[in-house]
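Student: I have a model to go through with you. Can we take it question by question?

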Amino acid sequence: CLAATLDHGVLKLTLNRPETLNAFTAEMGRSLIAALEVARDDDAVRAVLLTGAGRGFCAGQDLTERDPASRTGPPDLGETLERFYNPVVRLIRSIEKPVICAVNGVAAGAGANIALACDIVIAANTARFIQAFSKIGLIPDCGGTWTLTRMLGEARAKALALTAEPLEADTAAAWGLIWRTCPAVDLPVEAEALARRLAAGPTRALGLTKRAIQAAGAQSLDAQLDLERDLQREAGRSADHAEGVAAFLEKRPAQFTGR
Ligand code: LHQ
């Protein structure tokens with residue numbers, strides 16, 4: 001249910017249950033967590049590319065799968081989030097490498113919000129984002145209430161979440177919810193090219209950049225200047241910084257190693 005390949009430093013993870021638009025199962029959750037832990041720990045991985053097989057990206061939780069422990073009563077969805085979904089979102093945000101999401105088709109419920117947790121989202125212009133939760137009496141999860149509010153403001157966040165109306169990918173890009181769209185046929189090639197370019201980059205600096213930008217929303221400019229000082233000190237000591245400057249002075253392309 002999850003295909004993983006490592007090529008040119010890009011760990012490509014493909015949600016692979018196309019007959020259900022890649023709806024999430026417990027097995028898929030466990031596999032995704034394990035793959036993201038590899039991405040975090042293995043130096044050979046310098047970027048992650050998450051996408052879906054078939055015509056959809058991910059339709060959220062597989063609504064046919066019930067937790068066996070809850071057959072006799074209502075399910076404990078808090079437990080489901082803590083076991084499967086929250087670790088995925090926490091990993092995406094804390095891996096200090098670029099995590100790119102190529103949204104190839106509809107992204108609904110948890111599928112939408114896992115996509116939006118990624119660092120760079122590029123979507124097929126045929127894709128849609130649906131906060132489907134209210135249709136089944138739930139609230140947005142996987143950080144959706146946080147992500148949507150930060151990226152769009154309360155007015156759009158609330159309207160999307162309360163109505164569950166689909167948001168076209170082009171509108172999502174115009175609103176600043178995702179980076180950009182491209183024609184659906186071009187998405188695999190464009191996303192792969194972007195992921196490879198980032199995987200060939202100065203991984204340490206990219207990871208520290210991610211950390212700094214994520215910290216920015218929660219602190220003052222003064223504190224952020226302190227953080228930039230500390231992280232720039234660290235970046236300045238990296239082999240890739242030395243290589244970047246040497247390459248510039250020698251008028252040649254830099255050969256970054258990720259260290
Ligand atoms: C599906 C699903 C699906 C199973 C399509 N499950 N089969 C929830 C609970 C627990 C803990 C944590 O968090 C969450 C978070 C959530 O994610 S809640 C939100 C769950 N997702 C949804 O409510 C979305 C349900 N799906 C849809 O509304 C539609 O399928 C969308 C709008 C995504 C796509 O519509 P269409 O393009 O018209 O496709 P379709 O509906 O015909 O779906 C294709 C097949 O995929 C179909 O099966 P079939 O055998 O009839 O061909 C669907 O039953 C199946 N499928 N989503 N979540």
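Student: Which residue in the turn of the β1 and β2 hairpin has a positive phi?

Tutor: First, the ground rules: this is a predicted model, where local features need pLDDT of at least 70, side-chain atom pairs count only at pLDDT 80 or more, and totals for chains, interfaces and linings use all residues. Residues are numbered from 1 along each chain as its sequence is written, and side-chain values use heavy atoms, with hydrogens and water left out. Strands here are DSSP runs of E, at least two residues, and helices are runs of H or I, at least four, numbered from the N terminus. The hairpin has 2 residues between β1 and β2, and the turn residue with a positive phi, about 50°, is H8.

Student: In which sense do strands β1 and β2 pair, and over how many bridges?

Tutor: Two strands pair if DSSP finds at least two bridges between them. D7 faces V10 in β2. Residues 2-7 of β1 and residues 10-15 of β2 are antiparallel, and the bridges number 6.

Student: Which strands are the edges of the open sheet?

Tutor: The open sheet has 4 strands with mixed pairing, in the order β4-β6-β8-β9. An edge strand pairs on one side only, and that picks out β4 and β9 (167-168).

Student: Do β6 and β8 run parallel or antiparallel?

Tutor: Strands of a sheet pair through backbone hydrogen bonds, either parallel or antiparallel. A107 stands opposite F129 in β8. With 2 bridges between them, β6 and β8 run parallel.

Student: Is G56 buried or exposed?

Tutor: G56 sits in strand β4 (residues 56-58). Its C-alpha atom is 9.3 Å from that of A108, 52 residues apart along the chain. Buried means under 20% relative accessible area, exposed over 50%, and partly exposed in between (1.4 Å probe, protein chains only). G56 has 0% relative accessibility, so the answer is buried.

Student: Which residue's side chain makes a polar contact with the side chain of T203?

Tutor: T203 belongs to helix α8 (residues 203-216). T203 is buried, at a relative accessible area of 7%. A polar contact is a pair of N or O atoms within 3.5 Å; within protein, one must be able to donate a hydrogen and the other to accept it, and residues adjacent in sequence count only if both atoms are side-chain atoms. At 2.9 Å, the partner of T203 is R46.

Student: What distance separates a polar side-chain atom of D141 from an oxygen atom of the ligand?

Tutor: Take the other polar atoms first. A polar side-chain atom of R55 is 3.0 Å from a ligand oxygen. A polar backbone atom of A59 lies 2.9 Å from a ligand nitrogen. For D141, the distance to a ligand oxygen is 2.6 Å.

Student: Which element gives the largest share of the shell around the ligand?

Tutor: 25 residues surround the ligand, counted by a heavy atom within 4 Å. They divide into 15 nonpolar, 5 polar and 5 charged; Ala, Val, Leu, Ile, Met, Phe, Trp, Tyr, Cys and Pro count as nonpolar, Asp, Glu, Lys and Arg as charged, and the others, Gly among them, as polar. The largest share is 4 residues, from α2.
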